[in-house]
Amino acid sequence: MKKTLAALCLGLVALAAQAQGWPEKTVTLVVPFPPAGSTDQVARAVGPLLTNALKQSFLVDNKPGATGTIGATFVKRAPADGYTFLVSSLGPLAITPHLIKGMQYDPLKDFDLITVAVQSPNVLIVPANSPYKSVADVIAYLRANPGKMTFASAGHGTSDHLTAELFWQQTGTSAIHVPYKGGAPAHADIMGGQVDASFQNINAVVQYIKGGKMRALAITSAARSPVLPDVPTLAEAGVKNVEVTSWQAIVAPKGLPPAVREKAHAAFAQALNDPKVRDQFVSIGFEMVVNTPAQFAQFQRQEYAKWKSVIETGKITID
């Protein structure tokens, strides 16, 4: 009994020492998407603050491909030592597992959750010169012309793709999904009139809306957005049960020492709550979340089940 207690005490001391020493070398923040997107913005905003606070480099490593699953798989296979984190959107953590067969990770089992950093609603947009002036106009056309209107997305399995699918399900309509390789080319073709509409992250397109290059018809949050106060919610426009937020979160390989996980959570939370970071994100339509690992786990389960239902109902697959 005495030996067992002694071993336990030594183990606790070792864990405490490990947390106190962390980080002792460069930490990598893996972003499973190309640079300049919403997820990349989060990683690059907190990286310098973490570097300053913890006196070790926090470097962003973009590993795009396969709708984010290449980067997520890389982190799943990395040592659980606190030197590799995944900064991800909801796609790899709640959506793509229902779309891709034979995935190399289970998002509910293979990661230690740190925090959901931010979230933002999507906004239904059309080209500035579009004949559609309201959600009612869009629905009227969809019902009169099933399967003809085009909706752009940043790719199969992204939140903008799945939001459109949910919108069609709730309105009993159908349209053509036009997937792009990222948000930027989708935005260009929306502004150029090559596609009819899209659900995009509000933070990614608010500057185009305010600049008169896109027209916003509705947002997918429960309440109106402070950055677009004149744009109604979908519920206000008569479409219920299409409340969607895109979110970015931070996770680590499963098995992170508890003391390191606690220190990492505190460090990420401090960086995300920095006034300059908060102001930067809030000004473009993000909402700060910065929740606990337990709250994150509950939220992830809810999102996982929600998108599973949407994908199964719509019989959605990745071609």
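## Basis of the description

The structure is a predicted model, in which local features need pLDDT of at least 70 and side-chain atom pairs count only at pLDDT 80 or more, while totals for chains, interfaces and linings use all residues. Residues are numbered from 1 along each chain as its sequence is written, and side-chain values use heavy atoms, with hydrogens and water left out.

## Overall architecture

The protein has 11 helices and 10 strands; these are DSSP runs numbered from the N terminus, with helices being H or I of at least four residues and strands E of at least two. Its C-alpha atoms fill a box of roughly 80 × 40 × 30 Å along the principal axes. The radius of gyration is 21 Å, which agrees with the value near 20 Å that a compact globule of 319 residues would have. This radius is taken over C-alpha atoms, and the globule rule is 2.2 Å times the number of residues to the power 0.38.

Buried residues account for 51% of the 319 residues. Buried denotes under 20% relative accessible area, exposed over 50%, and partly exposed the range in between, with a 1.4 Å probe and protein chains only. The accessible surface comes to about 14100 Å², and 55% of it belongs to carbon and sulfur atoms; areas come from the Shrake-Rupley method with a 1.4 Å probe, and for residues only the protein chains shown count as cover. Of the contacts (heavy atoms within 4.5 Å) between residues at least 6 apart in sequence, 79% join residues at least 24 apart.

## Nonpolar cores

A nonpolar core is a set of buried Ala, Val, Leu, Ile, Met, Phe, Trp, Tyr and Cys residues joined through side-chain atoms within 4.5 Å. The largest such core has 47 residues, and V135, F151, F167 and W247 have the most contacts inside it. Helix α11 (residues 293-313) supplies the largest share of this core, 6 residues. A second, separate core contains 32 residues, including A43, V46, V118 and V290.

With neighbours within four places in sequence left aside, W247 is in contact with S88, S89, L90, L93, A94, V116, V118, Q119, F296, F299 and E303.

Helix α6 (residues 159-171) has 13 residues and reaches 18 Å from its first C-alpha to its last, close to the 18 Å expected at 1.5 Å a residue. The expected span is 1.5 Å times one less than the number of residues. Because 11 of its 13 residues are buried, α6 is largely enclosed by the rest of the structure. Among these buried residues are D160, H161, E165, F167 and W168. T171 also lies in α6 and is buried, with a relative accessible area of 8%. Just after the helix, G172 takes a positive phi of about 65°.

In helix α8 (residues 202-210), the buried residues are I202, N203, V205, V206 and I209. They cover an arc of only 165° around the axis, which puts them on the same side of α8; the arc is that of the directions from the helix axis to the C-beta atoms. Their cover includes α2 (38-54), β4 (111-127), α7 (183-192), β7 (197-201) and β8 (214-219). Just after α8, G212 has a positive phi of about 80°.

## Loop residues and backbone geometry

N291 lies in the loop between β10 (287-288) and α11, where it is buried at a relative accessible area of 9%. Apart from neighbours within four places in sequence, N291 is in contact with I114, T115, V116, H265 and F296. N291 and P127 are 164 residues apart in sequence and 36 Å apart in space, C-alpha to C-alpha.

W22 and P23 are joined by a cis peptide bond with omega of about -5°, and P23 is found in the loop between α1 (2-21) and β1 (27-31). In the loop between β2 (58-62) and α3 (69-77) lies A66, a residue other than glycine with a positive phi near 55°. A66 is partly exposed, with a relative accessible area of 42%. T67, found in the loop between β2 and α3, has a positive phi near 50° and is likewise not glycine. T67 counts as partly exposed at 26% relative accessibility.
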